[in-house]
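Colleague: Could you take me through a few local features of this model, stating the criteria as you go?

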Amino acid sequence: MEVFDFDNVQLVPKKCVIKSRSEADTQVTLGNRQFRIPVVPANMASVITLEIAAWLADHGYFYVMHRFEPEQRLAFVQEMHANHRYASISIGIKDQERAFIDELRTADAIPEYITIDVAHGHSDYVMEMIKYVKQQLPATFLIVGNVATPEAVRDLEAAGADATKVGVGPGRACITKLKTGFGTAGWQLAAIQACAAAATKPIIADGGIRTNGDIAKAVRFGATMVMVGSLFAGHVESPGEVVTVDGRKYKRYWGSASARQKGNRHHVEGKQLLVPFRGSLEATLTAMEEDLQSAISYAGGRDLGALRQVDYVIVPNTIYNGDHEGGSASC
């Protein structure tokens, strides 16, 4: 297996066929809905809130609500539907989640999207939950993760998953690689490629995205959608306290398996950190869309499909040479 990651891959430009980058189409289809960009905020309590979810739904973006306030999920689905929005929620695999699925069905509050959110998604218990959800809520688009291997993708699809989420521990707030020795940190992009080659349904690449250019790379190597954590934290709308260090503003960002989120120190595989204060979420989403449009122009196409056709090179060490989004003299 060829091993590489976002920071040592560059995509190779092709002849441009559009007059203006604004002509490039960044839309993506997931399930029976179309979204403005192939990017979704991570379903983490430090990233997504009820208010952010509603705003994203109203403005044509995909979202996945986190599962850390389980008692609010039914009301959330009902409120989203009452306001003519789609509902996208997360569940786990504990026994009470089956009762929750039954509750949704009884209340006729059927979410358009459900994500089974488990750190190690290649599991017999996850596959049992897939079958239960599909049996009780067959119309719901079911995303399942997280996984790291083609075998896992094949198993989850065979169980009934409509999309699989790829990425074990590559995110900034995750320390699975340090605590367990396992994961896709350092080879997340290669894992996306391997899993996408085995998939017959959409792949959602989760973790390891540090720049907007990484989104284009994930699409090139087979992702339909990219889940982003740290780049979506730190906004005015984001959860987390504002912290000032040496005159600069930051916001707290924490992993779903961190001691802060779990409320204890057992099986901790996440950490808390500070991310730069970024202003409005809308501005970040606009920048992502514009950068993807530029990427499509470099790919020689008119839509995201062009990104999948470009060549790439693997460079030694890292492409950044100390610069992240800083630009160079030639730019």
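Some questions and answers on a strand, a proline and charges over rings follow.

Modeller: This is a predicted model, in which local features need pLDDT of at least 70 and side-chain atom pairs count only at pLDDT 80 or more, while totals for chains, interfaces and linings use all residues. Residues are numbered from 1 along each chain as its sequence is written, and side-chain values use heavy atoms, with hydrogens and water left out.

Colleague: Is Pro150 buried, exposed or partly exposed?

Modeller: Pro150 is found in helix α5, residues 150–159, where helices (H or I, at least four residues) and strands (E, at least two) are DSSP runs numbered from the N terminus. Buried means under 20% relative accessible area and exposed over 50%, with partly exposed in between, for a 1.4 Å probe and protein chains only. Because its relative accessible area is 25%, Pro150 is partly exposed.

Colleague: Which residue in β10 stands opposite Pro41?

Modeller: Strands pair if DSSP finds at least two bridges between them, and three bridges join β4 (residues 39–41) to β10, the two running parallel. In β10 (residues 225–228), Val226 and Val228 point one way and Met225 and Met227 the other, and all are buried. The residue opposite Pro41 is Val228.

Colleague: How far from the ring centre of Phe100 is the charged end of Arg73?

Modeller: A charge sits over a ring if NZ of Lys or CZ of Arg is within 6 Å of the ring centre and within 35 degrees of the ring normal. Lys249 sits over Phe277 in this way, 5.8 Å from its centre. For Arg73 over Phe100, the distance is 4.0 Å.
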